[in-house]
Amino acid sequence: RHFTDAPEAPQTEEEMLVALLLLTFQSAFGEQIACPKNADLLVTETGQWCKRSAKNGSAQKYGPFLEYYDESVIKAKGSYRWDDPEGNWETYYPNGALQGRGSYAKGVRAGEWSFWHFNGQLESRGNYHQGEKEGNWLYWYVDARPHMEGIHRVGYKMGHWVIHETYGGYSEGRFSEDKREGTWLVWDSEQRLVKRAAYTNNRLNGRQTIYLRNGNRESEGVLR
């Protein structure tokens, strides 16, 4: 019967302590990440990651990464390339529920990302470009009702947005770099127009009209 060689035992007290620590964390966390070639595994009380020496001699994160709230709950998992997040990532709440999922490219968020409330309901979904929100984004309340929908440009709310209120009504109008501009309309839960107002630089400025339930004007005035 053929036996393979046994692994070489640690030769020093320090090496024995490191080996014991590694076994302890492997047992607690239930898994061990596999580091790429020329990268060394590091294990601490809060997670595991791989380090590799850069050209300047510094030790940098390179390869899979796991972070924990404690020994039973993962906080984040993904991978690094020369200290920058890279590829697919997931983050979690302390209760174990998924918090966010998406990808990194050259250290910044890229492509589609999704985020969830702590109860598992979807909170928002949209795309990132070079680390900033870009294009159409959808948002939901914690009870799954629609919250907001509109366009982001370089992270800012831009153009037409619809914002659903908790009481059932909604407002719509235009944003410019996160600030309300121009005419905004407010509708009640039965789709009746209840208010029309003008904004400049996110402040009411100009004619404002309040409507009755029958559609007639209740009041009208100019704000400066």
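User: What is the handedness of the link of Cys35 and Cys50?

Analyst: The link of Cys35 and Cys50 is left-handed, with -90° about the S-S bond. One caveat on sources: this is a predicted model, where local features need pLDDT of at least 70, side-chain atom pairs count only at pLDDT 80 or more, and totals for chains, interfaces and linings use all residues. Residues are numbered from 1 along each chain as its sequence is written, and side-chain values use heavy atoms, with hydrogens and water left out.

User: What makes Cys35 and Cys50 a disulfide?

Analyst: The S to S distance is 2.1 Å. The definition asks for a pair of cysteine sulfur atoms within 2.5 Å, so Cys35 and Cys50 are joined by a disulfide. The structure holds one disulfide.

User: Which parts does the pair tie together?

Analyst: Cys35 lies in the loop between helix H1 (13-29) and strand S1 (40-44). Cys50 is in strand S2 (residues 47-53), so the pair ties together parts that are 15 residues apart in sequence. Helices (H or I, at least four residues) and strands (E, at least two) are DSSP runs, numbered from the N terminus. The protein chain has one helix and 17 strands.

User: What about S3 and S4?

Analyst: S3 and strand S4 (residues 73-81) pair in the antiparallel sense over seven bridges. Leu66 has Lys77 in S4 as its bridge partner. This hairpin of S3 and S4 has two residues between the strands.

User: Why is the pair of Trp89 and Tyr104 called edge-to-face?

Analyst: Rings of Phe, Tyr and Trp (its six-membered ring) pair if their centres lie within 6.5 Å; planes under 30 degrees apart count as stacked, over 60 as edge-to-face and the rest as tilted. By this rule the count comes to 15 aromatic pairs. The ring centres of Trp89 and Tyr104 are 5.8 Å apart and the planes stand at 75°, so the pair is edge-to-face. Trp89 is in strand S6 (residues 87-92) and Tyr104 in strand S7 (residues 98-105), 15 residues apart. Both Trp89 and Tyr104 are buried.

User: What makes Trp113 and Tyr128 an edge-to-face pair?

Analyst: The values are 6.2 Å centre to centre and 75° between the planes, which gives an edge-to-face aromatic pair. Trp113 lies in strand S8 and Tyr128 in strand S9, so the pair ties together parts that are 15 residues apart in sequence. Trp113 is at 2% relative accessibility, so Trp113 counts as buried. Tyr128 has 9%, so Tyr128 is buried too.

User: Why is His117 called buried, and what does His117 touch?

Analyst: His117 has a relative accessible area of 16%, so His117 is buried. His117 sits in the loop between strand S8 (108-116) and strand S9 (122-129). Contact means heavy atoms within 4.5 Å. Not counting residues up to four places away in sequence, His117 touches Tyr93, Leu98, Leu122, Glu123, Trp140, Tyr141 and Val142. The His117 side chain also reaches the backbone nitrogen of Val142 at 3.4 Å.

User: What makes the link of Gln208 to Lys195 a polar contact?

Analyst: A polar contact is a pair of N or O atoms within 3.5 Å; within protein, one must be able to donate a hydrogen and the other to accept it, and residues adjacent in sequence count only if both atoms are side-chain atoms. The side chains of Gln208 and Lys195 make such a contact at 3.3 Å. Gln208 is in strand S16 (residues 203-211). With a relative accessible area of 17%, Gln208 is buried.

User: What is the mean pLDDT of the protein chain, and where is the pLDDT below 50?

Analyst: pLDDT is the predictor's confidence in each residue, from 0 to 100. The mean is 86, and 83% of residues reach 70 or more. Over residues 1-11 the pLDDT is below 50, and this stretch has three contacts beyond near neighbours in sequence. Residues 15-28 are also below 50, with 14 such contacts in the model. Where pLDDT is low, the predicted coordinates should not be read in detail.

Definitions and conventions: Buried means under 20% relative accessible area, exposed over 50%, partly exposed in between (1.4 Å probe, protein chains only). Two strands pair if DSSP finds at least two bridges between them.
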